[in-house]
Amino acid sequence: MNPIIQTLKEHNISDLKIAEVFQALTENPLGAMGIIQGLGIAPEKLQQLMMMVMTSPDLIKQAVEELGLDFSKIEAAKEQYQQHK
């Protein structure tokens, strides 16, 4: 299982909420950070989770595929972010 998904499940985050997090990551990565922070995860675990999300796009891609979401939206969001930097 993907480590990001595993961490969320360890904190009793529902499958629906997990799908929402990754859907947000595909559409608005910065907005997804707010959703992740609002999940009620302990600060030390939250920090580890945020580092995985921010530094491991391959893990996000793997999780998106595992959840059956569209990774091409992540690529488009990343390009849009790079253009607005």
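Against which helices do the buried residues of H1 pack? This tour of a predicted model works towards the answer one selection at a time.

**Stop 1: helix H1.** Select residues 3-10, which make up H1. Now colour Ile4, Ile5, Thr7 and Leu8, the buried residues of this helix. Turn the view until you look down the axis of H1: the buried residues fall within an arc of 160°, so they line one face of the helix. An α-helix has 3.6 residues a turn, so residues three or four places apart point the same way. Show the other helices again, and the opening question can be answered: the buried residues of H1 pack against H2 (15-27), H4 and H5 (57-67).

**Stop 2: Ile4.** Select Ile4, which sits in H1. Is Ile4 buried or exposed? Its relative accessibility is 1%, and the cut-off for buried is under 20%, so Ile4 counts as buried. Display what surrounds the residue. Apart from neighbours within four places in sequence, Ile4 is in contact with Phe22, Leu49, Met52, Val53, Leu59 and Ile60. Pick Leu59 from that list and draw a line between the two C-alpha atoms.

**Stop 3: Gln6.** Stay in H1 and select Gln6. Gln6 has a relative accessible area of 36%, so this residue is partly exposed. From C-alpha to C-alpha, Gln6 and Ala63 are 9.9 Å apart, while in sequence they are 57 residues apart.

**Stop 4: H1 with H4.** Select H4, residues 43-55, together with H1. The axes of the two helices come within 10 Å and cross at roughly 155°. H1 is therefore roughly antiparallel to H4. The crossing of this pair is left-handed. Show side chains where the helices touch: Pro3, Ile4, Thr7 and Leu8 on H1 meet Leu49, Met52 and Val53 on H4. Sorted by class, the residues of this contact are six nonpolar, one polar and no charged.

**Stop 5: H1 with H2.** H1 and H2 pack at an angle of about 140°, and their axes are 10 Å apart. At that angle H1 is oblique to H2, and the crossing is right-handed.

**Stop 6: Asn12.** Between H1 and H2 there is a loop, and Asn12 is located in it. Most residues other than glycine have a negative phi. Asn12 is not a glycine, yet its phi is positive, at about 60°. With a relative accessible area of 72%, Asn12 is exposed.

**Stop 7: H3 with H4.** Finish by selecting H3, residues 29-37, and H4. Their axes are 11 Å apart, and the helices pack at an angle of about 160°. H3 is therefore roughly antiparallel to H4. The crossing of H3 and H4 is right-handed. On the H3 side, show Met33, Ile36 and Gln37; on the H4 side, show Leu46, Leu49, Met50, Val53 and Met54. These residues make the contact, and they divide into seven nonpolar, one polar and no charged.

How values were computed: Residues numbered from 1 in each chain as written. Predicted model: local features only at pLDDT ≥ 70, side-chain atom pairs only at ≥ 80, totals over all residues. Heavy atoms only, no water. Axes fitted to C-alpha atoms, helices over the stretch in contact; angles between N-to-C directions. Helix = DSSP H or I, 4+ residues; strand = E, 2+ residues; numbered from the N terminus. Parallel < 35°, antiparallel > 145°, perpendicular 65-115°, else oblique. Left-handed = near helix turned anticlockwise from the far one by under 90°. Contact = heavy atoms within 4.5 Å. Nonpolar A, V, L, I, M, F, W, Y, C, P; charged D, E, K, R; others polar. Buried < 20%, exposed > 50% of the residue type's maximum accessible area, 1.4 Å probe, protein only. Arc of directions from axis to C-beta.
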